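Welcome! Have a look at the structure below, and then we can walk through a few of its features together.

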Amino acid sequence: MSAREVNFDGLVGPTHHYAGLSFGNEASTKHRLQFSNPKLAAKQGLLKMKALADAGFLQAVIPPQERPNIPALRQLGFSGSDAHIIETVAAQAPWLLSSVSSASSMWVANAATVCPSADALDGKVHLTVANLNNKFHRSCEAPTTEAVLRAIFPDNARFAIHAALPQVALFGDEGAANHNRLGGEYGQPGIQLFVYGREESGVARPERYPARQTLEASQAVARLNQIDPARVIFARQNPAVIDRGVFHNDVIAVSNRQVLFCHEEAFADQPALMETLRQRIPGFIPLQVSASDVSVDEAVVTYLFNSQLLSKADGSMLLVLPQESQQHPRVWRYLTRLLEEDNPVNELKVFDLRESMANGGGPACLRLRVVLTQEEQALVNPAVMMDETLFTTLNRWVDRYYRDRLVQADLADPHLLREGREALDNLTQILKLGSVYPFQR
């Protein structure tokens, strides 16, 4: 059956700031306590969405979440008015106020793991919400993520939205950032590659940074998403590269259809994995970058592999990159040579996403890929689909509500909470989402 891939990009929230909350994400910790520009961050993301929509790719928007997260603070024992709670937390635990104010839901590659209907035993599109329990500030996202996904994919006969796995370390799940789908045409059954960093049996683990995704979580998500077991492969991430800042698989690998673009050090026992993929995927094309061309450290600092690999109408592929890749001489030299070689990638498109990049997320972090048939596309909430009108409307919305400078101390301003709630209330009307935020209930 004919199908297309839709990229659902996260819209950066009004409290976007640099708190260095993500241990293991070197860009996040490097820029801790620097000032951010939420308005610019949102506009950079919108420009990427609009450019890809103009180029003929199906593009949609996922809204930010309410921050500061007052319900989370009440759950931790703070009481009184919302303004009083913010004042108290700012005085007693400013790090906690940063955590509950994080705009990290912008990286919707971590929102869920997706199974297209072609791969599901019941013929539905499945989305399992990620629990993100390795980091407190991200573990708070799951309930609102589920509500938002249900508002975007409302037809229960064609879409199955699954709640996050239990919030325990054994089932640590980071969503699509540790998942790849490979195969031929989008509408045909594919092979789903789940990548994990640790398992309960205790095989070699990273020593410096945490391995966030577990094998047990990946297995549970595959079951929930009703994937034919014959179409699932579980592969272990190389623990050595996790210790060098590869906190998710999408920092070291990206796939599209029959192509897997990755570093030669991405996976444990990589030769065996490549052979398995060759046997299981007709026409499999591995694009493995050698350490002599680009080191793991260079890949991490430029987010070379945190790119979007997209199929164009003629079957060739476009690689969407952050400007950091273009500005790095060795990485850009490699990419220039890649275009000259015999492979499907024949175009590079570079975007300035420095506000997201400084907090540790590149182009691929900002989007969730969902393969949909034409009939399934027609059942998606149409108000979230990017076009000229929505682009203009959202830019005006950002101009109205967002600040152009934010530091950690600003989070104590009770006006920021009121501004954010007013903005999100207006956004739910623009995107026709209904009541998806706690303050609306």
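## Two packed helices

How are H2 and H16 oriented relative to each other? They are roughly antiparallel (a word used for angles over 145 degrees), because the angle between them is about 175°. Helix H2 covers residues 38-54 and helix H16 covers residues 388-401, and their axes lie 10 Å apart. Axes here are lines fitted to C-alpha atoms, for helices over the stretch in contact, and angles run from 0 to 180 degrees between N-to-C directions. Helices (H or I, at least four residues) and strands (E, at least two) are DSSP runs, numbered from the N terminus.

On the H2 side, the contact (heavy atoms within 4.5 Å) involves Lys39, Ala42, Lys43, Leu46, Leu47 and Lys50. Their partners in H16 are Glu388, Phe391, Leu394, Asn395, Val398 and Asp399. By class, this contact holds six nonpolar, one polar and five charged residues. Ala, Val, Leu, Ile, Met, Phe, Trp, Tyr, Cys and Pro count as nonpolar, Asp, Glu, Lys and Arg as charged, and the others, Gly among them, as polar.

## About the model

This is a predicted model, where local features need pLDDT of at least 70 and side-chain atom pairs count only at pLDDT 80 or more, while totals for chains, interfaces and linings use all residues. Residues are numbered from 1 along each chain as its sequence is written, and side-chain values use heavy atoms, with hydrogens and water left out.

## The largest pocket

The largest pocket has a volume of about 390 Å³. On a 1 Å grid over the protein atoms alone, a pocket is an open set of points with protein on both sides within 12 Å along at least five of seven lines, whereas a cavity is a set where a 1.4 Å probe fits but cannot get out; lining residues have an atom within 4 Å of a point. Grid points are joined across faces, edges and corners, and a volume is the space filled by probe spheres set on the points.

The largest pocket is lined by 20 residues, and Arg4, Tyr186, Ser311, Lys312 and Ala313 are the closest to its centre. Strand S1 (3-10) gives the most to this lining, with three residues. Strands S12 (308-311) and S14 (345-351) each supply at least two. The lining comprises nine nonpolar, four polar and seven charged residues.

Of its 29 lining residues, Glu5, His179, Asn180, Arg181 and Arg369 are the closest to the centre. Strand S15 (367-373) gives the most to the lining, with five residues.

## Sites from the record

Which residues does UniProt place under "active site"? The unreviewed entry lists Glu174, His248 and Cys365; such annotations may be inferred rather than shown by experiment, and positions follow the numbering used here, with feature names shortened. These residues are spread over 192 residues of sequence, yet they cluster in space, with a largest C-alpha distance of 11.4 Å. Glutamate 174 is in the loop between strand S5 (159-162) and strand S6 (179-182).

Key:
Parallel < 35°, antiparallel > 145°, perpendicular 65-115°, else oblique.
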